[in-house]
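This briefing takes up how two chains are arranged and joined, and then turns to one residue. Please read it beside the sequence and the structure.

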Protein chains: 2
Amino acid sequence: MKIAVDAMGGDHAPDEIVRGALLYRASGGEADLVLVGREQELRRIIASSVPPGITIRNATDVVAMDEHPAQAVRNKPDSSISVCARLCRDGRADGWASAGNSGGVMAAALFIQGRIKGVERPALGSIVPTQEGFAYFLDVGANVDSKPEYMAQFAAMGAVYAREMLGRPEPRIALLSNGEEEGKGDERVRETTRLLKGSLAGFIGNVEPKDIYGARADVVVADGFVGNVAIKMAEATADFLFRTLREEIPKTLSGMLGGLLIRPGVRQIRDRIDWREFGGAPLLGIDGVAVVAHGRSDARAMKNAIRVTRDAIENQLVGKIRAEVGRA
Amino acid sequence: MKIAVDAMGGDHAPDEIVRGALLYRASGGEADLVLVGREQELRRIIASSVPPGITIRNATDVVAMDEHPAQAVRNKPDSSISVCARLCRDGRADGWASAGNSGGVMAAALFIQGRIKGVERPALGSIVPTQEGFAYFLDVGANVDSKPEYMAQFAAMGAVYAREMLGRPEPRIALLSNGEEEGKGDERVRETTRLLKGSLAGFIGNVEPKDIYGARADVVVADGFVGNVAIKMAEATADFLFRTLREEIPKTLSGMLGGLLIRPGVRQIRDRIDWREFGGAPLLGIDGVAVVAHGRSDARAMKNAIRVTRDAIENQLVGKIRAEVGRA
C-alpha cells in the first residue's frame with residue numbers, strides 16, 4: 001500500500017508534516033509513504049538519508065492556505081495537492097492526505113479523482129467527542145446550500161463510514177436540528193426527513209446539539225454551512241472555557257494550587273476531545289481516498305491522518321460507498 | 001409602569017416564577033407586577049397577603065411546554081400567555097415576560113400585539129458571553145428559512161437593541177458565517193451582505209464563531225435555524241465540558257483536592273456565562289414589549305427577565321425600532 005502525503009500543506013508545513021510521516025513509520029505504520037513537495041526543502045528537513053518506506057516526489061508549486069481553492073488548483077498543475085491527487089488517479093498511490101487549503105484539497109480531489117458515479121456532492125466529516133466516545137458529524141464544510149437529495153446521500157455515506165471505519169455495525173443516523181420532534185427544522189431538514197424515513201436503515205430523525213454529546217446518534221448530518229458553523233462553535237466554546245479557566249482560577253492562591261493539582265486530569269480531558277487524535281477524515285463520495293487533515297496539524301495529527309488514510313484504503317471505503325450509494 | 005408576568009409558563013412554574021416576581025420587588029424593582037395565572041394556585045404560593053406592587057389576574061388556562069404553539073394560542077384564549085399579551089395590547093400593562101412555551105409566546109405576541117408596521121418578521125435575541133463581556137446574538141429561533149430581507153432587518157433591529165439596551169453607542173454588526181472573508185457563507189449570508197454593505201452603519205461583514213468570543217462584534221446575526229443550532233451547540237459544549245471535568249478530575253486524590261480548591265473560581269466563571277444572569281430577551285419587531293425567558297428559569301432568572309422587560313419599556317425600545325426599521 002502506498003500513501004501520498006502533501007508535505008507542503010498546513011500551517012506547520014513542511015516541517016511538522018515530514019515529522020508526522022517519519023512518526024507514522026517509526027510507530028509501526030506499514031504503508032509506504034510518498035512525500036510530495038519541494039524536494040530540496042524536504043531533503044533538508046530529513047537531513048540524513050531518507051528512511052526505508054519513504055520516498056520523495058518533487059512538486060514545485062504550493063497552494064497557499066488563503067488562496068482561492070478552485071483557481072489555485074487550476075492554475076498550479078504542479079502544486080503538491082494536485083500531484084497527490086494525480087498519483088492516486090494514475091494508480092501510483094492508493095490514497096493521499098493533506099493538511100493544506102481544504103477547499104483546494106476538495107477541488108483537486110473533485111477535478112482530478114472525480115466523484116463516484118451517482119454521488120451528487122462529496123461531503124467532509126469530522127469526529128466529535130461524546131460522553132460515550134465519539135460520533136461522526138458531516139458535512140462540516142464541503143458544501144453550502146445543500147439540496148435535500150445531497151443531505152440524504154450524506155446520511156447514506158455517513159452510515160457506510162460508521163460501519164466500515166468506526167466499527168458500528170448498525171449505526172444510528174440523525175439530522176442536526178433545532179428540536180428533536182418531527183416537523184422541527186428548516187425546510188431542508190424537513191424535506192430530508194421525508195427522503196430518509198423508511199428508506200435508510202438506522203435513521204432516527206432529528207437530534208439537537210445536546211444529543212450529540214449524549215451519544216444518541218452515531219452519525220449526525222447537516223448542511224455544510226450549518227455543520228461548519230456548529231463544529232466551529234463547539235471548538236470556539238471549548239477554547240473559550242479552557243482559556244477562561246486558565247486565566248481566572250490562578251488569581252487566588254488556593255486556585256493556583258488547585259489548578260496545579262488538577263492539571264493532569266484536565267490534560268487527559270483535553271486529549272480526549274482533541275482533534276489531533278483523530279487526525280483527519282476522508283472526503284466521502286470521491287472516487288478515491290483523499291483525507292483532509294486539520295490546517296493546524298502538527299506531527300502527531302499528521303501521523304493520525306495518515307493512519308486514517310490507511311484505514312480507508314484497507315477497509316475499501318470507496319468501493320463500499322460506490323456499492324451502496326453510487327449508481328452503476 | 002406595569003409589567004404582566006406569565007406565572008404559569010416554564011419548567012418551574014408557577015412556584016419559581018412567583019418567587020422571581022417577589023424577588024424583583026424585594027430587591028428594589030419599581031415596576032408594578034401583575035401575576036397572570038390560576039388565581040387560587042398563585043395565592044396558595046404567596047400564602048400570606050399579596051405584597052404591595054403586585055396584583056393577581058386570573059387566567060384559567062395554560063399552554064403546556066410541549067404544545068403546538070400557534071394552535072394552543074388559538075384554542076386557549078384564556079391561557080396565561082394570551083391574557084398577558086392582551087393586557088399589553090389593551091394598554092393595561094406596558095410589557096410582559098414569560099418563561100413558557102417560547103413558540104407560544106411568539107404566537108401570542110404576533111397574533112395579539114402584532115408586528116411593527118414594516119417589520120417583516122420578529123426576531124429573538126440572546127446574550128452570549130465573550131472575553132470582554134458579552135455580545136447580542138439573533139435570531140436564535142423565532143424564524144427558520146429567513147429571507148435575506150428579514151436578515152437585514154434583524155441586523156438593523158439588533159443595532160437598535162445594542163444601542164438602547166446594552167449601552168453600545170456605535171455597535172459593530174456582523175453576520176455569522178463559515179469564514180470571515182467576503183464571499184464566504186451560504187447564499188443567504190452572501191445576499192444579506194449585499195443588502196447591508198454601505199447601508200447599515202457599523203456593519204463589519206462576516207464573523208466566525210471564535211470571533212464572537214473574541215468580542216469582534218456587538219451584534220451577531222444569523223437565520224433562526226442556524227442561530228438556534230449554534231447557541232444550543234455552545235450551551236451543550238459548555239455543559240459537556242463542565243460535566244466531564246466534574247466527573248473525571250476527582251478520580252485521583254490530588255484531583256479531588258484540586259477540585260475543591262478551584263471550586264469558587266469555577267463557580268464564578270459559570271456565573272459569568274450563566275444565562276440566568278441575563279434573564280431573557282424581548283422579541284424584536286413586535287409592536288409592544290414581550291420578553292422571552294428561558295424555559296428552565298428559576299426565581300433569579302425570572303427576576304432578571306422582569307428587569308429586562310422594565311429596561312425595554314423604560315428605554316422605549318419599541319418606539320426606537322419603529323422609528324428606525326419600521327415604515328410609517
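In this predicted model, chain B can be laid on chain A with an RMSD of 0.0 Å by a turn of 180° and a shift of 0.0 Å along the axis, the copies being superposed by least squares on the C-alpha atoms of residues with pLDDT of at least 70 in both. The two copies are thus related as by a two-fold rotation axis. Local features need pLDDT of at least 70 and side-chain atom pairs count only at pLDDT 80 or more, whereas totals for chains, interfaces and linings use all residues; side-chain values use heavy atoms, with hydrogens and water left out. Residues are numbered from 1 along each chain as its sequence is written, and chains are lettered from A and ligands numbered from 1 in the order in which they are written.

**Symmetry**

- Of the residues of chain B, B:G258 comes closest to the rotation axis, its C-alpha lying at 1.9 Å.
- The same surface serves both copies, in that 100% of the contact residues of chain B recur in chain A.

**Extent of the interface**

- Contact, meaning heavy atoms within 4.5 Å, joins 49 residues of chain B to 49 residues of chain A.
- The two chains bury about 4300 Å² between them, 78% of it on carbon and sulfur atoms, where buried area is the accessible area (1.4 Å probe) that two parts lose on being put together, summed over both.
- In chain B, the residues that lose the most area to chain A are B:F225, B:M233 and B:F240, which together account for 16% of what that side buries.

**Salt bridges**

- Two salt bridges are counted between chain B and chain A, each a side-chain nitrogen of Lys or Arg within 4 Å of a carboxyl oxygen of Asp or Glu.
- B:E208 forms a salt bridge with A:K232, with the closest N and O atoms 3.0 Å apart.

- B:N206 lies in strand 8 (residues 203-207) of chain B, strands being DSSP runs (E, at least two residues) numbered from the N terminus.
- With a relative accessible area of 6%, B:N206 is buried, a class that means under 20% (1.4 Å probe, protein chains only).
- The side chain of B:N206 reaches the backbone oxygen of B:E181 at 3.1 Å and that of B:G179 at 3.4 Å.
- Not counting residues up to four places away in sequence, B:N206 touches several residues, among them B:L175, B:S177, B:V189 and B:T193.

Technical notes:
Helices (H or I, at least four residues) and strands (E, at least two) are DSSP runs, numbered from the N terminus. Buried means under 20% relative accessible area, exposed over 50%, partly exposed in between (1.4 Å probe, protein chains only). A polar contact is a pair of N or O atoms within 3.5 Å; within protein, one must be able to donate a hydrogen and the other to accept it, and residues adjacent in sequence count only if both atoms are side-chain atoms.
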